[in-house]
Amino acid sequence: MIATVAQWALSLALLLCVSGAYSGLAALRGVRGHDVAQPVLFGVKRHVLGISVLVLVAFAGLLASFMLSDFSVRNVAENSNLSLPLFYKVAASWGSHEGSFLLWILMFTGWMQAVSWSRFDVSASFKARVLCVLQLVLSGFLLYLLLASNPFEHLSPTPLDGRDLNPLLQDIIMIIHPPMLYMGYVGFAVSFAFAMAGLLEGRFDMSWARWSRPWANTAWAFLTVGIALGSWWAYRELGWGGWWFWDPVENASLMPWLAGTALIHSLAVSEKRGALKSWTVLLALTTFALSLLGTFLVRSGVLTSVHAFATDPKRGIFILVILFLVVGGSYLLYALRAGQVGQGGAFKATGREALLLSNNVLMSAALVTVMLGTLYPLVVEVLKGRKMSVGQPYFEALFVPLLLPAVLLMALGPDSRWRETPLARYAKPGALALGVSLLALGFAWFSSQHFSALWALGVVSATFLAVSTLAHAQQAQRQLKQQRPETGWLYLAQRLSLSYWAMVLAHLGVAVFVLGVSWVKTFELEKDLVMKPGQTEEIGPWRLTFIGVDSVQRVNHVAALGVFELTRGSGNVIYLLEPEKRRYQSSSNVMTEAAIHTDWFSDVYISLGDAVEGNNRNATQPWGVRVYYKPLINLIWWGCALMALGGFVTVMDRRYRGKAKAGADV
């Protein structure tokens, strides 16, 4: 009964989507005024509210089906069982292809409802067009869900127990990672809808960029969190000790992130100077197009990956048609209306606009590099029928040289001025940052007694960016202090806009990230060992002693639990690490659960292999063990957290709640 109600709710949501989009766009044909379009906007909003409620009912029905173990629903029977903990039954509702897509649609309706409720200063006709475009896109995905990927398909006869949730997904991070990733993917639909509404009206003023900017920043921040959590999950769960493998599905999320990074910088130029408008519109369309491409790659079955949700290529044809209609239609409209958009104000090669445009070019080049390495093997397989792979050496050889110049441009950006910047303005802060960077490099070399070109460039670039960013923040407050010497530093910090401090946080996050990547890629150690109980090995500054392996019975799996002692220095401090080899009872899958000791400066990572001498286990049984020492790897996660925090802080700027006070920005 619950599944039937949820199924009808999705069908009604599709009808409302189609009728709302068609009636709204038809009523808005040739309408631009505010008062004339107000009744149309009211009707469109009612459609949006109805769609949001119906999709929420459908998702609640799916969640209830999993929690109640209703195995008459095929989706539940194939992705859950009676012994699965309730915590993971909730996660299982989006752990399948069908459930993950329903979650995707739920996130879409959430963004659409947020746009409907928001009070940004645009005409009623423009806002109505934005909501109609969102409904039009959503109708295609609702149709796909009902026809090709129904999460409420009935199963008869009803089994007494289900299979199991994929053991790889039975992890707390996988409860948070998909919603964050989808919030990022779907969030860029709002920027897409803003661009499409502008193309339909043939009008792009500075308010368009201003009110599109917070939506793009929020989506970018969510996508950053989602990618970081996915990377952290792979690092913790897969047992291979890496944080990024250039997996095609990982690249599917990286591509819209790169385009989104270019978009949020381009929107800043369009808002402040009215420049790069045509380029900004193209980026808005491309970013969402890449989000849809990522959806196609993950759910079409064309890729084999631990991250992928589907193995049925027939579903991919449906998504490919939607991708063609949405992307092809939007690019066709852009081609017809691009002349009406224009590029906006002029600027010199030394202006801030030029720096941000150069940053856009580098991000776009990096995007093309990743896209080529991801899609070319698929094209070869289709045309020639043979599999090929593009590995890590290709991506690192082409991607890294594009990243480091982008970091330099980020460091120079805050000291630049709009339209034109005297080169002398860069001299003093640039010299200070370069001097500190070389000192940091010298200290790092003295401490590590190691030198490589890539490591040196990473350390210098990260330090240069961090010092430049902090120095500019101090200089900005000093200038305000000269204007109002009686005020305190806290008040002066508040006088600088939240958008400015968001930029500071995001740029510092990039610096921390680059330093972490440079350090761990240079100094990480790996050992594949065969250890007997009582045996001690060294890795980096640590000593590792193997105590033995115990068998542990849990709710839905049996674990071979390894016990290791980790000591450092005098040996008085002892940490116990317990990696596991799990066998899940329902599926008989064997999974590795790594044990990680984290301190301020490094990780020690232990992955338990198999018993060496067959199944005749005893107290002296040797086991295969893989051990990693990863210095400063936690800077990667902290850097991503700072970047995402910067994106979220931008949205709280008062200019997006009303008119900003004069002098609030630097």
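Are Arg213 and Glu271 buried or exposed? Both residues are buried. I begin with them in this predicted model and then turn to other salt bridges and to one helix.

Arg213 and Glu271 form a salt bridge, with the closest N and O atoms 2.6 Å apart. Arg213 belongs to helix H8 (residues 206-237) and Glu271 to helix H9 (residues 248-273), so this pair ties together parts that lie 58 residues apart in sequence.

Another salt bridge joins the side chains of Glu201 and Arg129, at 2.8 Å from N to O. This pair links distant parts of the chain, since Glu201 is in helix H7 (residues 173-201) and Arg129 is in helix H6 (residues 124-148), 72 residues apart. Glu201 is buried, at a relative accessible area of 1%, and Arg129 also counts as buried, at 6%.

Let us move to the strands. Asp599 and Arg568 meet in a salt bridge of 3.7 Å, N to O. Asp599 sits in the loop between strand S8 (595-598) and strand S9 (602-611), while Arg568 is in strand S4 (residues 557-568), 31 residues away. Asp599 is partly exposed, with a relative accessible area of 22%, and Arg568 is partly exposed at 37%.

Finally, I turn to helix H13, which covers residues 392-412. Its 21 residues reach 30 Å from first to last C-alpha, close to the 30 Å expected. Phe399 is buried, and other buried residues of H13 include Phe395, Leu402 and Met410.

Notes: Residues numbered from 1 in each chain as written. Predicted model: local features only at pLDDT ≥ 70, side-chain atom pairs only at ≥ 80, totals over all residues. Heavy atoms only, no water. Helix = DSSP H or I, 4+ residues; strand = E, 2+ residues; numbered from the N terminus. Expected span 1.5 Å × (residues − 1). Buried < 20%, exposed > 50% of the residue type's maximum accessible area, 1.4 Å probe, protein only. Salt bridge = Lys/Arg side-chain N within 4 Å of Asp/Glu carboxyl O.
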